[in-house]
Amino acid sequence: MVLYPQPDQRGRFGEFGGRYVPETLIPALDELTEAWQQLRTDESFQREYDGWLRDYVGRPSLLTEAARLSDELGGARIWLKREDLNHTGAHKINNAIGQALIAIRMGKRRIIAETGAGQHGVASATAAALFGLDCVVYMGEEDVRRQELNVFRMQLLGAEVVPVTSGTRTLKDATNEAIRDWVTNVRDTYYLIGSVVGPHPYPMLVRDLQSVIGRETLAQLPGGGLPAAVIACVGGGSNAMGMFAPFAYLEQQPRPRLIGVEAAGQGLESGAHSASISFGKHGVLHGAFMHLLSDDDGQILPAHSVSAGLDYPGVGPEHSWLMTVGLAEYASATDAEALEAFQRLARSEGIIPALESAHALAHAIRIAPEFAPHETLIVCLSGRGDKDVAEVRRLLDGVPA
């Protein structure tokens, strides 16, 4: 496994990250940190992990040119990194398989997970079924409604799905409940976090596992040259960090522009959005210091997105750091723009993207005409849109939730 920069001894990328958790969780985090420091350079673990990615997940995923869409737009050629083709339909399985293998090495036979769009829940339930582990998935009640198909998939796979009725009944609240479970059952339970969030070492660990996305992309680039820009959606930010890390730390100059696309929801000025970096403050959420949506008293504000997977009021601390030091830039796309991109890719390329991925695609559509025809834009298509079709139909038909 390629080794990327580690956070400092306090688990921070610059000022971001760290561990803001109950004292009862410190031994578990120390244990996980020690285990990952050993396993990330362990050849036998890497061979096993790579084998599952190849023979079970179906990696490497394809890099596909969106030829008709590029012709329609003019300017740069758009290529899609096809994480939607992975087993279970998204990038989440890369991380779930890796962390399940870590849990087994640590002797933990019960895993818990949080999920918003349901893809991490499905991936966690899949890994648990594959390796014979018990699995409990916490999911906000609103997301249970929006992602009914994925809830049933998790149950088919043998997981217990626990609806969370507190707060906004979305991803933040599901994460809160998963942490409460972990505090109570820390001795025999492994918390399989789904994004580059949470206390150290999770942001580093998830980035390392997801970096297979960017490493493959570097090897697949058309013509062997670097793209003009690499674009990925950002909620917590695991698909983006997995895509960005191999490019962000390249010695070769100039590096491509790395553009994370947050959910602007109903508009940045509306207050109904999930644009933590673009419109947030600094603060602590779920054990780490990051950009987040909060009021002047430091209270977490509700997040909104048409996409359940981006409906999170914070962002991974390494994203906060990449933005601060100028290694990445962050834009946003509204609900309406994401819905339009969702339909446009389906009609031009025969590919139905996840609503999360449609945010990244919307920004690529916006900026492609600004580039020369010989330049390329790489968009991480983080998942497929089967899970979103019913919700998109409801929204397009104007049917109330």
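Helix 15 (residues 355-367) has 13 residues and spans 19 Å from its first C-alpha to its last, close to the 18 Å expected at 1.5 Å a residue (the expected span being 1.5 Å times one less than the number of residues). The structure is a predicted model, in which local features need pLDDT of at least 70 and side-chain atom pairs count only at pLDDT 80 or more, while totals for chains, interfaces and linings use all residues. Residues are numbered from 1 along each chain as its sequence is written, and side-chain values use heavy atoms, with hydrogens and water left out. Helices (H or I, at least four residues) and strands (E, at least two) are DSSP runs, numbered from the N terminus.

Helix 15 is largely enclosed by the rest of the structure, because 12 of its 13 residues are buried (under 20% relative accessible area, with a 1.4 Å probe and protein chains only). Among these buried residues are L355, E356, H359, H363 and I367. Helix 15 lies across strands 4, 9, 10, 13 and 14, running at about 145° to strand 9 (229-233); axes are lines fitted to C-alpha atoms, for helices over the stretch in contact (heavy atoms within 4.5 Å), and angles run from 0 to 180 degrees between N-to-C directions.

And the sheet itself? Six strands form an open sheet in the order 3-4-14-9-10-13, with mixed pairing (two strands pair if DSSP finds at least two bridges between them). Strand 3 and strand 13 (329-334) are at the edges with a single partner strand each, so one side of each has no neighbour in the sheet. From one strand to the next, the twist averages 30°.

Strand 4 (residues 77-82) is largely enclosed by the rest of the structure, since five of its six residues are buried. Strand 4 pairs with strand 3 (residues 63-65) in the antiparallel sense over three bridges; here K81 is the bridge partner of L63, and L80 stands opposite T64. With strand 14 (residues 376-381), strand 4 pairs in the parallel sense over six bridges, and I78 stands opposite L377.

Elsewhere, helix 5 (residues 119-131) packs with helix 7 (residues 148-156) at an angle of about 10°, their axes 9 Å apart. That makes helix 5 roughly parallel to helix 7 (angles under 35 degrees). Q119, G121, V122 and A125 of helix 5 make the contact with N150, R153 and M154 of helix 7.

How values were computed. Angles under 35 degrees count as roughly parallel, over 145 as roughly antiparallel, 65 to 115 as roughly perpendicular and the rest as oblique. Buried means under 20% relative accessible area, exposed over 50%, partly exposed in between (1.4 Å probe, protein chains only).
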